[in-house]
Amino acid sequence: MARRAEPNIILGPILYFRGEQGDRWWLSALFVLDGDVEPDDLRVDGVTLPVPPRHLLMWRRRHVWRFDFAVPRGVKDTEVAYGFPDGPTWTMTVPGRLSHPRLAYVSCNGVEFESRLEALSAPRNALWADLLNRHQIERFHLLLQGGDQLYADAVWRDVPLLSEWRKRTDKARFGQTFTPAMAEEAMAFYFDLYLKVWGQPETAEVLARIPSVMMWDDHDIFDGWGSHPEEEMQSQIWRGVYMAARRHFALFQLGAVVESLPECVWGAQRATFTQGFRLGEVGIFAPDLRSERTPKRVLSDRSWALLPEWLERFEGCRHLLVMSSVPLLFTDTGGVERVVQSIPGRIGIEDDLRDQWRSHAHAEEWRRLVELLAGFSRRTGCRVTAVSGEIHAGGRGVLRGGGVEMWQLIASGIVHPPPSPVTAAALEWLARRKERPFEGYSFEMPPFTESGKRIIRQRNWLSLIFDGKGQLHARWSAEGQPNRYAQAI
């Protein structure tokens, strides 16, 4: 390949956090470039040598390149510029060695049907713009993205061969082979969808300025993946679409190829995307809750066997953030699920209810995980807080018992429309209940003092700011709300 100084950028940069190592902040930047010309080395403030490109993939003359670099850290925060010689540049905030983490959290960056966005009174990406404006003030170090970074449900509508197969009703369809032509169409669909969704100006600006840690959920594959009947889950067509989604999640959300994942992906040897990071005395744990999911299981036995050792890596932390795509601590939805199951036929929300940790199918695993986290907190003195999205509303909950207190923070969606007033009222009614989920523990979802309600119906995102005492200050920025909802932990 010939070289040129100024690349033709289709998408990027997208910044990824790779970890903290001593006085260095490890990052990667990904670009999708047009044509076969190799880009120049990247220049980064504070990095002595130019950063060479690494070629990841070529798809229809569009090439995906990654740049890996480590920025030296000073005592205080530093504004670091990076870019190409004689080309565009961007800036990010690298935390100082004595700085306390400042994080933003988002989820649900899309919608099942694009037509639903037409009913919004504000622009699609109004909250991405709000996050970018807030970043100019608070200078976030990391952006946690908790699932559904894009909505790929249209794979069954917009991909001709898959759409044709989906319309069939005969049992023989589950035995059909996932053909090379289907694979080609699925590849094109996911690749182009990432370019379309992440190429929008407000989103692109944030992704270029705040390094991300991303986990996936069902819509990054397609709606309800892992919670549908086994016959569908095990069919060659569904598995083929899943593998296409998996490859693109690795490429765009991890900035890697599935055959060579970064060290922060602790689950790589088990073919999962579980990730972990330490930021001084703060840990971030993002277990993969989709790769092994079935209608009856969330995690496999092999992942359960690894969980205690993964948690041990956070020993010495004062606070651990556990990213769970669906809320880990939430009101019991099992009763609603049983009512829905009693209705003849399918009404369309069965997989959504089965996705929840409180589903009767996952109740045993849920208790096991909660007790594992509570035991880790009790033994080490590390406070554990869960952060989640998925329900398209904001909220919080607290579990107390066994000598520990665990909070749940919920923020979604940054683009997905809010629930209808009827759905929001139903969530509010469910959230009023105080529960004793198992012996020795109580759970509640307290109302916000700002509104008197337990559920934030408006679209929202969350900031997570730690202070010098190890206290976490959570603030929800909700659309159309002048005051931010707050919770100190």
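This is a predicted model: local features need pLDDT of at least 70, side-chain atom pairs count only at pLDDT 80 or more; totals for chains, interfaces and linings use all residues.
Contact here means heavy atoms within 4.5 Å of each other.

Trp128, Ala129, Leu131, Leu132 and His135 of helix 1 touch Glu202, Thr203, Glu205, Val206 and Arg209 of helix 5. Sorted by type, the residues of this contact come out as five nonpolar, two polar and three charged. The two axes come within 8 Å and cross at roughly 35 degrees, and the crossing is left-handed.

Next up is the pairing of helix 4 (residues 180–198) with helix 7 (residues 236–253), whose axes come within 10 Å and cross at roughly 35 degrees. This crossing is right-handed. On the helix 4 side, the contact is made by Met182, Ala186, Met187, Tyr190, Phe191, Tyr194, Leu195 and Trp198. Helix 7 brings in Ile237, Val241, Ala244, Ala245, His248, Phe249, Leu251, Phe252 and Gln253. The contact of helix 4 with helix 7 holds 15 nonpolar residues, two polar ones and no charged ones.

From helix 8, Trp304, Leu307, Pro308, Leu311 and Glu312 take part, meeting Glu365, Arg368, Leu369, Leu372, Leu373, Phe376 and Arg379 of helix 11. Here the tally for the contact of helix 8 with helix 11 is eight nonpolar, no polar and four charged residues.

Helix 12 (residues 421–431) has a buried side, made up of Ala424, Leu427, Glu428, Leu430 and Ala431. Those residues span an arc of only 165 degrees around the axis, which means that they sit on the same side of helix 12.

On to the loops. The one between strand 8 (102–106) and helix 1 (126–138) includes valine 111. With a relative accessible area of 2%, valine 111 is buried, because buried means under 20%. Setting aside neighbours within four places in sequence, valine 111 is in contact with Arg116, Leu117, Tyr151, His416 and Pro417. Serine 442 lies 331 residues away from valine 111 along the chain, and the C-alpha atoms of the two are separated by 34 Å. Cysteine 108 also belongs to the loop between strand 8 and helix 1, and at 0% relative accessibility it counts as buried.

Most residues other than glycine have a negative phi, and most peptide bonds are trans. Cysteine 108, however, has a positive phi, near 60 degrees. Histidine 392 has a positive phi as well, near 65 degrees. Histidine 392 is located in the loop between strand 14 (383–388) and strand 15 (395–401), and counts as buried at 15% relative accessibility.

As for peptide bonds, glycine 12 and proline 13 are joined by a cis one, with omega about 0 degrees. Proline 13 is part of strand 1 (residues 9–21). Another cis peptide bond links serine 412 to glycine 413, with omega about -10 degrees. Glycine 413 is in the loop between strand 16 (404–410) and helix 12.

Notes:
Residues are numbered from 1 along each chain as its sequence is written. Side-chain values use heavy atoms; hydrogens and water are left out. Helices (H or I, at least four residues) and strands (E, at least two) are DSSP runs, numbered from the N terminus. Ala, Val, Leu, Ile, Met, Phe, Trp, Tyr, Cys and Pro count as nonpolar, Asp, Glu, Lys and Arg as charged, and the others, Gly among them, as polar. Buried means under 20% relative accessible area, exposed over 50%, partly exposed in between (1.4 Å probe, protein chains only). The arc is that of the directions from the helix axis to the C-beta atoms. Axes are lines fitted to C-alpha atoms, for helices over the stretch in contact, and angles run from 0 to 180 degrees between N-to-C directions. A crossing is left-handed if the near helix is turned anticlockwise from the far one by less than a right angle, and right-handed if clockwise.
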